[in-house]
Structure formats: C-alpha cells, structure tokens
Amino acid sequence: MRAITITRYGEPDVLQLTDAPVPEPGPGQVRVAVKAAGVNPIDWKIRSGAMAEVRPVDFPHILGLELAGVVDAVGEGAGFAVGDEVFGWSETGTYAEYALASTVIRKPAGFSWAEAAALPITGETALRVLGELEVKPGETVVIHGASGQVGRIATQAAVALGATVIGLAGASSLDEVKALGAVPVQYGDGWVPRVRSAAPDGVDAVFDAAGFGVLGDSVELLGSPDRLITIADPAAYAQGLKFSAGGEETQAVLEDLVARGLKLKLGSSYALADAASAHRESATGHAGGKITLTFG
C-alpha cells in the first residue's frame with residue numbers, strides 16, 4: 001500500500017511517500033480502506049521530534065490518528081462487516097491507504113468522509129474540557145479561539161448545555177462566532193474590558209483553545225484559577241494552571257459527538273502525496289478549518 005512514512009524526526013520534507021506492508025487485523029480490530037484522514041498539530045509535533053520525550057515513535061513510522069473509510073477486513077470479535085463505512089481512531093497510522101482500528105463507529109450517512117475523519121480529536125477535546133470545567137446551564141463561559149477547530153465545537157456544545165458563551169475571535173470571524181450562538185468579542189489588546197462589558201455579571205469559567213498568552217488576564221477575569229483550562233498554552237505548567245491533554249478514545253465518545261449534532265469547519269484537503277504541504281499549512285495556525293488528507 002502507499003503510505004506517508006518518516007524514518008527520522010525533522011521538517012516536513014521528512015514525510016516520504018513509500019510502499020508499506022498492508023496490515024492484518026487482530027482480535028477486535030478492523031482494517032479500513034482509508035477515504036480521509038485528519039491532520040492535527042500533534043502529527044507535526046511528533047514528526048518534528050517535539051514530542052519525542054513523551055511520545056516517542058519507532059521508525060519507520062506512519063503518522064495520523066483519525067480516519068474515515070470502508071471496512072476491508074475484520075478481526076475476530078470486531079463487530080463490523082466488510083463494506084461498513086466507519087470513522088474513529090486508528091492504532092497504525094492513517095496517512096496510508098489501509099489502517100487498523102478498534103475504536104470506530106459507523107459513519108452517519110449525512111457525513112462526508114472528510115467531516116467524519118476531522119471530528120474525533122477535535123470533538124473529544126472540546127467535550128472533555130467542558131466536562132473538566134463542569135460547565136452548567138445558566139453559567140457564562142469564555143472561550144478563547146471560538147472560531148477555531150476545538151473552539152467551534154466547544155461553543156456549540158456549551159450553548160446547547162444552556163450556558164452563555166463569550167466567544168473570542170479575530171475581527172473577520174466574529175459573525176461566524178455569533179452564528180454559533182455565542183456573544184462575539186474581538187481578541188487582542190483590551191479584550192478583558194470588552195468581555196466585562198459583554199458579561200457584566202461576571203464569568204464562571206474560561207476555556208483557552210487559542211494559546212495567545214491570555215492565561216494571566218483570564219485568572220484576573222475569573223478572580224481565581226480554579227475554572228481555567230488551556231489546551232494550547234504550555235506556559236500553564238510554569239504558572240501552576242491546568243493544561244488538559246490526553247483524551248478518552250472510546251466508541252461512546254464518538255457516538256456522543258454524533259448524537260449532539262456538532263459540526264466543525266473544514267479547511268484545506270490534500271492528496272496523500274501532499275502531506276508535507278498539509279503540515280506546513282497546519283503549523284501556521286491559520287488554516288481556517290480542519291485540514292484533511294483525502295484519498296481517491
């Protein structure tokens with residue numbers, strides 16, 4: 001099969017299109033003919049070696065965690081049949097024509113391949129942090145990066161819970177944030193008084209999905225660090241604030257995401273051979289939507 005592999009850490013040019021063995025499913029696994037794969041920051045952080053101490057890989061390594069595709073072979077007890085359309089997480093890397101997976105569910109008919117492949121990590125992260133923040137109906141939550149991939153899902157989910165969302169975003173994205181049900185506020189200098197004006201009774205929780213150096217001001221806004229969580233600013237560790245990392249990859253999480261009807265915004269779609277370009281765009285932080293690799 002064709003696959004994008006790395007044989008060392010480095011810049012995007014270490015991503016090479018190669019021939020790799022087709023994997024065989026074990027008990028509880030399915031082999032998926034991949035139709036789309038999600039591209040995430042963790043992919044290029046692994047590729048660069050930035051995650052080598054906490055998430056080392058053996059070379060050659062196939063990157064990619066999320067997939068959507070068609071079941072091609074079934075291991076004992078997997079609970080699927082050849083031909084089933086599925087999406088979820090893979091154990092063997094999704095930048096490949098075939099991948100093994102044990103944590104997948106059937107793809108809803110209304111989802112495109114790219115939409116399904118883009119949802120697991122983004123959706124799980126958003127719901128996990130809202131749960132950790134214990135957001136409740138009637139509360140007010142500030143979401144930094146509300147127009148981004150995780151922020152968009154978190155905004156929809158918090159609004160559906162009955163919370164008031166103050167969504168911070170760039171000027172060009174404020175209308176999008178408003179359409180998600182949030183009160184849009186422009187980020188940048190002066191964001192704290194703008195939030196206070198939008199929420200005169202105060203805020204209950206802050207979710208930083210952007211990482212723009214807002215932690216100190218967010219603590220001031222809350223009056224306490226207790227209900228502040230970031231997924232994007234490693235300065236949290238030095239400041240004794242909570243950084244949420246590491247998700248719960250389960251079929252129940254995928255089913256919950258589908259049941260809630262949460263939608264993300266797709267960005268660029270690249271062919272498998274153009275994975276390096278996908279990584280370059282993702283690393284800019286200005287993709288404008290979830291990047292995917294799509295297969296013909």
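Trainee: Let's start with Arg227 in this predicted model: what is its relative accessible area, and is Arg227 buried, exposed or partly exposed?
Mentor: The relative accessible area of Arg227 is 22%. Buried needs a value under 20% and exposed one over 50%. So with 22%, Arg227 comes out as partly exposed.

Trainee: Which residue does Arg227 meet in a salt bridge, and is that partner buried or exposed?
Mentor: The Arg227 side chain meets that of Glu139, at 2.8 Å from N to O. They sit 88 residues apart, with Arg227 in the loop between helix H6 and strand S13, and Glu139 in the loop between helix H2 and strand S9. Glu139 has 15% relative accessibility, and the cut-off is 20%, so Glu139 is buried.

Trainee: Okay, Glu66 next. Which residue does Glu66 form a salt bridge with?
Mentor: Look in strand S16, since Glu66 itself is in strand S5 and the pair is 224 residues apart. The closest N and O atoms are 3.0 Å apart, and the partner is Lys290.

Trainee: Which helices does the Arg196 and Glu220 pair tie together?
Mentor: Their closest N and O atoms are 3.9 Å apart, which is within the 4 Å cut-off, so the pair counts as a salt bridge. Arg196 is partly exposed at 39%, and Glu220 is partly exposed at 48%. The two residues are 24 apart in sequence, and their helices are H5 and H6.

Trainee: How many salt bridges does the count come to?
Mentor: There's also a network, linking Glu124, Arg128, Glu132 and Lys242. With the 4 Å rule, the count comes to 14.

Key
Residues numbered from 1 in each chain as written. Predicted model: local features only at pLDDT ≥ 70, side-chain atom pairs only at ≥ 80, totals over all residues. Heavy atoms only, no water. Helix = DSSP H or I, 4+ residues; strand = E, 2+ residues; numbered from the N terminus. Buried < 20%, exposed > 50% of the residue type's maximum accessible area, 1.4 Å probe, protein only.
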